[in-house]
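Hello,

Here is the structure I promised to pass on. Please have a look at it first, and then read my notes below.

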Amino acid sequence: MSDRGREFDAHALSYDDQLAEGLDLTGESKDHFALRRIRWLKARVAALGVRSVDRVLDFGCGDGSSAPLLRDLLGAREVVGVDESPAMLERAAAQHPWARFAPTDTLAAAGRFDLAYCNGVFHHVPPSARAGVAAAVRDALRPGGIFAFWENHPWNPGTRAVMRRVAFDRDAIMLSPPAARRLLRTAGFEVVRTDHLFIFPRALAFLRPLEAPLSRLPIGGQYLVLARRPA
């Protein structure tokens, strides 16, 4: 097991509570953010003219809580989650027995995917290992497959405040949108677009209709780099 796997094994039982303590600053739950991320992704994938994403990889799946959204909102017929933490994989399999969950080092044997989704994974990957991890995701995609790379925005002070309150995020090494795009290009991806989401906390929810027109500005709490494996 890697150091990342040991870290999240130690946090597995208290993961939701720790995350909720950080997100309390926003006034929202993790489910709120997960739902909006995948709704946004669905619209972006449709705008690319992609008709279906039957096989979806949830890379760094944690407790598997994104799996039902990837199935029900994105339309995946098969969801495979991989993670470094055996304890988190055990939780995921227990909560979502219809999906498949496996250690990250089995990814090469999992077959090709139409889309890979990851959220807040790469800030836990040591910078020296990121290129290799991104290349592994590329190799897991079919030619023309999509990588939905969500990350926490280091330029957003609210994001930094949330992460300081979360035990497993305090020492994370964040990466900026330009760094993420360079990483993905180096790994052989074509970068399609970058979007920024989660500008307004719940106290300013009445302003959220402005988030779509503002999504190209680097001011959100998270960003999405949409990339494609060249055909």
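**What I found**

Of the 231 residues of the protein chain, 53% count as buried, meaning under 20% relative accessible area with a 1.4 Å probe and protein chains only. This is a predicted model, in which local features need pLDDT of at least 70 and side-chain atom pairs count only at pLDDT 80 or more, while totals for chains, interfaces and linings use all residues. Residues are numbered from 1 along each chain as its sequence is written, and side-chain values use heavy atoms, with hydrogens and water left out.

The protein chain has 8 helices and 7 strands, which are DSSP runs (helices H or I, at least four residues; strands E, at least two) numbered from the N terminus.

Helix 6 (residues 130-140) has Arg130, Val133, Ala134, Ala135, Val137 and Ala140 buried. Its buried residues pack against strand 1 (55-59), strand 4 (113-119), strand 5 and helix 8 (177-186).

Strand 5 (residues 141-152) includes Asn152, which counts as buried because its relative accessibility is 11%. The Asn152 side chain makes a polar contact of 2.8 Å with the side chain of Gln222; such a contact is a pair of N or O atoms within 3.5 Å, and within protein one must be able to donate a hydrogen and the other to accept it, while residues adjacent in sequence count only if both atoms are side-chain atoms.

Finally, Phe198 lies in the loop between strand 6 (190-197) and strand 7 (222-228). Phe198 is not a glycine, yet has a positive phi of about 65°.

Best wishes

Technical notes: Buried means under 20% relative accessible area, exposed over 50%, partly exposed in between (1.4 Å probe, protein chains only). Contact means heavy atoms within 4.5 Å.
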